[in-house]
Amino acid sequence: MTLTEIMQTLPYGPAPEAAKPALDWIKAHKGRFQLFVAGRWRAPASQEWFATINPTNGQKLAEVAQAGAADVDEAVKAARKAFVGWSQTKGHARARYLYAMARQIQKQARLFAVLETLDNGKSIRETRDIDIPLAARHFYYHAGWAQLMESELAGYAPVGVVGQIIPWNFPLLMLAWKIAPALAMGNTVVLKPAEYTPLTALLFAEICQNIGLPPGVVNIITGDGKTGAALVEHPDVDKIAFTGSTEVGRLIRQATAGSGKKLSLELGGKSPFVVFEDADLDSAVEGVVDAIWFNQGQVCCAGSRLLVQEGIAEKMCAKLRARMEKLRVGDPLDKSVDLGAIIAPAQLDKIRRLVQKGIEEGAKLWQPSWALPAEGCFYPPTLFTDVAPASTIAQEEIFGPVLAALTFRTPEEAVRLANNTRYGLAASIWSEDINLALDVATQIKAGTVWINSTNLFDAASGFGGYRESGFGREGGKEGLWEYVQKINPSGSAAVAKPKAKSRRARANVAPTALALPAIDRTAKLFIGGKQVRPDGGYSKAVYAPNGSLIGEVGLGNRKDIRNAVEAARGAFEGWRKTTAHNKAQVLYFLAENLSQRAEEFARRLGEQTGQDGRAELEAALEALFTAAAWADKYEGLVHPTPIRSVTLAIPEPIGVMGILCPDDQPLLALARLAGTALAMGNTLVVVPSPLAPLSATDFYQVLETSDIPAGTFNIVTGERDELALTLAEHDDVDAVWYAGPRAGWALVEKASAGNMKRTWTLPPSGPLPDTDEILRQATQVKNIWVPYGA
Ligand code: NAI
Ligand code: MG
């Protein structure tokens, strides 16, 4: 080639990164890795091993241990033992360890990057510039939270032993997202890397040894899904943090149901990439490259659905095809390669199968003209146009470099299409009109929204899903709550509580209605702003602690719940968009109307609890005031992420919530739980305690005389667990709070796995949770990234 030719074609020459240092590291371990438990390497009791492969060439890199149930048990024991000391270690000392981890990752950054590329097949450009630096950043950032925990999270303690299960797409980065916040908050961990990519976690284990981390604080056990399942089921694990497929997330939700284990799930997505007519198209095209071809599209928040406004769709796709023609797929150790290898043949098959399906369903396929490398696990960047919104490739997570393009006409249609998915992980919005972009950002149901940008991540910003993309956040202050628990809820000590015994006794007393004066009225259900008779036509007697009949309530059933959910759904958008000031006004007015009937409510409380009801009535009024006060004060944050960006962390309502009330302090519980949930913009289906439902049914008269929009607050009385199950199974319910016996927790949590609704389980009696916890449970944080720069 002459110089002139080179200048004209500017072809890429090879730019290989040496694999040798990583291969030497593997060799130094004789190609075989044991389990890292209690600070030492130990052979698996199972005596089983498996190979980890380089997907670029199919060659075996090393053998790692397959941890069995006995190994999991050893690791959990080690973590439990270490927890005693670690949880009492000063925040400053923990900060120093986290800082040391960050430093060590940086010092060995090249080795980590090469090892990650070998084991995973992703390009060295990405491991070097994104995975490894961001992993270090997470440890630095959380070193800071360890330092500040005592002052900034006063009243909170670590959760205990945390089991963490991570996927193969960002092996070291996901390890950092999990381990850094857990250790910062004083927990100890047992982490299981994905079976395809265990090596960088094992290199990280060496760091733990080298910095003198106390044995057992971090344990790393390799293995496949069976190992993960054993960790999930281990009775001495206090929390599970999982990132991976929605399918496995659902299994884990079911397996932990009723166990009392804390759970966070970061699952799949089908994130929209929305381009409006006035967008900077060239930037948007580069955005698409990052959105769907970053990490070969094997990204949970990949922008896999391109929604383009009709007028520019053709132009945008033409630009995109031209750009795709220039992308380079090949050896990921080559520094100028854009897309590396797909993780494994099974994943490649899945991509091919879904692409075939796309063709069969009538979408138009386009791939660049160049050929893939002859060997190895590769797939070309792929664009589908003419995609129908309901088709498989528009709905299912492909987890490969495949983009499905759809068009829209108006912003409303864009929002509808964007939300036309069961997922809600992320979204990207492109428009030069900031008003439009922010308006759309607030309407898309997703945990992260990037404006004129995409796939931006930082430790200071929380990441996690809405809907079936899971729950819990990683990163930001919001991520810390996953790893702490309240030490002593201050509850509602001001109000005397009936003794547990008398409550139980009450449930068992025989009806003595004959001895009583006539009952003139059966409380109805309250649905859609109206009193309605229960669908089944049955009612249920309510007794005082002394066994006398004090009233009857409707026995609601499945159909009543469905009607109430429909009413709550119908009211949601309106209530969500009501200004915070007006929400507060509605709550104050509720309190005002309640206070006008103070005597009547106090008397009713007395009847139900056998105690003077005045104190509880007062506490309930105060709770409504507190809820009203928070309505316009529960603020978000602006996270200082290290690009020029305003990163807004906004608490948003969860949606339609089912609330099953506790038995104690029926009016106060109602005011505090439902009041706070309302203040945050949720709409409610409230199921009063079956032992003391009358305060709630009386309450609908207060609702009727207030300004609360119809459908916002619905009340269905009946059998607690029957109604709880219907709510937990309902796909249009977004969260269920259940106060009741342990058996009910399992029921609700298991059934919630259907649409991955959020659940919060509480004991049937005892102190109520503090308002700060209720506020957090009533909201989910959306992070909106708004980069700036002329
Ligand atoms: P996966 O969800 O099976 O694996 C993730 C992790 O969970 C691995 O460490 C695995 O060993 C573990 N695991 C598997 N079964 C388990 C069980 N029953 N209990 C506890 N842990 C278990 O994901 P996989 O099979 O690697 O990929 C399948 C599909 O999942 C992909 O095609 C992709 O669509 C999706 N996926 C999504 C990810 C995300 O970040 N959203 C990450 C990885 C996969
Ligand atoms: Mg591998």
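Ligand 1 takes up the space of the second largest pocket in this predicted model. A pocket is an open set of points on a 1 Å grid over the protein atoms alone, with protein on both sides within 12 Å along at least five of seven lines. A molecule sits in one if more than half of its atoms lie within 2 Å of its grid points.

The shell around ligand 1 holds 27 residues, each with a heavy atom within 4 Å. The closest are Ile166, Trp168, Glu195, Ser245 and Lys350. By class, 14 are nonpolar, eight polar and five charged; Gly counts as polar.

Polar contacts are pairs of N or O atoms within 3.5 Å. An oxygen atom of ligand 1 lies 3.2 Å from a side-chain N or O atom of Glu397. Backbone polar atoms contribute too: that of Gly225 is 3.5 Å from a ligand oxygen, and that of Gly244 is 3.5 Å from a ligand nitrogen. The protein covers 86% of the 800 Å² of accessible area that ligand 1 has on its own (Shrake-Rupley method, 1.4 Å probe).

Local features need pLDDT of at least 70, and side-chain atom pairs 80 or more. Residues are numbered from 1 along each chain, and ligands from 1 in the order written.

Key. Side-chain values use heavy atoms; hydrogens and water are left out. A polar contact is a pair of N or O atoms within 3.5 Å; within protein, one must be able to donate a hydrogen and the other to accept it, and residues adjacent in sequence count only if both atoms are side-chain atoms. On a 1 Å grid over the protein atoms alone, a cavity is a set of points where a 1.4 Å probe fits but cannot get out, and a pocket is an open set with protein on both sides within 12 Å along at least five of seven lines; lining residues have an atom within 4 Å of a point.
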